[in-house]
Amino acid sequence: MKTSKTNLILFLLIIVIVLVPLIFMGDSEFGGADGEAEGVILDINPDYEPWAEPILEPPSGEIESLLFSVQVAIGAGTIGYILGMFREKKKVVDNR
Amino acid sequence: MKNIKYLGLSVFLLLLSTPSISHGMHIMEGFLPAKWAIFWAVLALPFLILGLKNINKLFKEDVNAKVLLGLAGGFVFVLSALKIPSVTGSCSHPTGVGLGAILFGPTVMTVIGTIVLLFQALLLAHGGLTTLGANIFSMGIVGPIISYGIFKGLKKTNMNRTYVTFLAAALGNLATYCITATQLAIAFPDPASGLVGSLMKFLTVFAVTQIPLAIVEGLLTAIVYNLLIEYKEKGVISIENI
C-alpha cells in the first residue's frame, strides 16, 4: 500500500480512538490522571503532606494552556520544518 | 494527497493541543517521600550521562543526526503536551519517546525526556523537581528501553515494520505508566492490602487510562516512521537503524 494511504488510515483510526470516550462518556469530567493518583495517595495515607510545592504555578488555566500551546508550537514547528525540508529534498532527488 | 495529509495533520494537532484545565500524568511535586525521590534520581543519573555522551558521539559521526534528533525531540514536545481523553473518563498524555528510541537508542531519549520534563516541571507545575528523577526513570529510561528492545527484537522477523513500530511505541508508553504506578505503590503501600493492593489501585488510575493513549502514540509513531522510510528509500535521508 502507498505510504500516504496507510498513513491516512492510521490518522482516521487515531481520530476515532480520541472521539469514542468523548461521545460515549460525555458526562465524565476528563480530569488529569495524576489528580486521581493524588486521591489514591491520600486514600492510602491520609496523613501524607507533600513536602515540596511547584516553584511556579501557572496563575490560571488560561496561562497553563498558553504554556502547553507554546510547548506544542515548538514541537510542531520543528516537525513541520524538518518534514518540509525532507519533502523539498525529495523533489530535488526526483528531478535528478 | 500530500497536501491534504499535512493539512489534516495540522488541524488534528491544533484540535488536540487545546488543553483542558488539568494536571499531567507524571508524579506531582512533593508527592514522593524524599528517600524515594533521591533513590530514583540516583538511578536515573547514569543513563542521563550516557545519553549526553551518545548524543555527542552522534553529532560527530552523522550529518543527518541533528535533523533527525530535532524531529524526535519535536515529536516528544508535541505528544507530551497532548492531553487526550480516555475511556476511564479522565485524561492522560502520550510520551512520544518511542520514535527517538527506535532511531537513536534509549539513552538519547533520556536526555530529551529530561528536557521536556524540566520544561513542564519548571513552567507548568506539571511533574516536579523533587520527582524529576522518578519521572525521568519511567518516561526517559524504561519506556525508551522497552520501545527500543521491541523494535530491535521484532525487526529481524518478517513482521510488517509499521506494525512493529506501532507495537514498540505503544508498549513503551504503557511501560512508562506501569513504572509510574509501581513507583507510587512502593512509596505508598496500602496498610491493608500491602504493595500489591496499592499497585492495583495506581495501575487502575494510570495504566487503564493509558491503554487507548498508548494505541494513539503507537499509531502516530507509525505514521512518522512510514514517512521516514519513504524518504529513506528515495535517498533523501540516510538512517541506519530502521
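**Where the chains meet**

In this predicted model, 57 residues of chain A are in contact with 69 residues of chain B (contact: C-beta atoms, placed from the backbone, within 7 Å). The largest share of chain B's side, 17 residues, is given by helix H8(B). That side of chain B consists of 40 nonpolar, 22 polar and seven charged residues. Here Ala, Val, Leu, Ile, Met, Phe, Trp, Tyr, Cys and Pro count as nonpolar, Asp, Glu, Lys and Arg as charged, and the others, Gly among them, as polar.

Strand E1 (residues 31-32) of chain A and E2(B) run parallel and are joined by two bridges (strands pair if DSSP finds at least two bridges between them). A:Gly32 has B:Cys91 as its bridge partner in E2(B). Helices (H or I, at least four residues) and strands (E, at least two) are DSSP runs, numbered from the N terminus.

Within chain B, helix H4 (residues 97-104) packs with helix H7 (residues 161-187) at an angle of about 125°, the axes being 8 Å apart. Axes are lines fitted to C-alpha atoms, for helices over the stretch in contact, and angles run from 0 to 180 degrees between N-to-C directions.

Residues are numbered from 1 along each chain as its sequence is written, while chains are lettered from A and ligands numbered from 1 in the order written. Local features need pLDDT of at least 70 and side-chain atom pairs count only at pLDDT 80 or more, but totals for chains, interfaces and linings use all residues.

Methods: Two residues are in contact if their C-beta atoms, placed from the backbone, lie within 7 Å.
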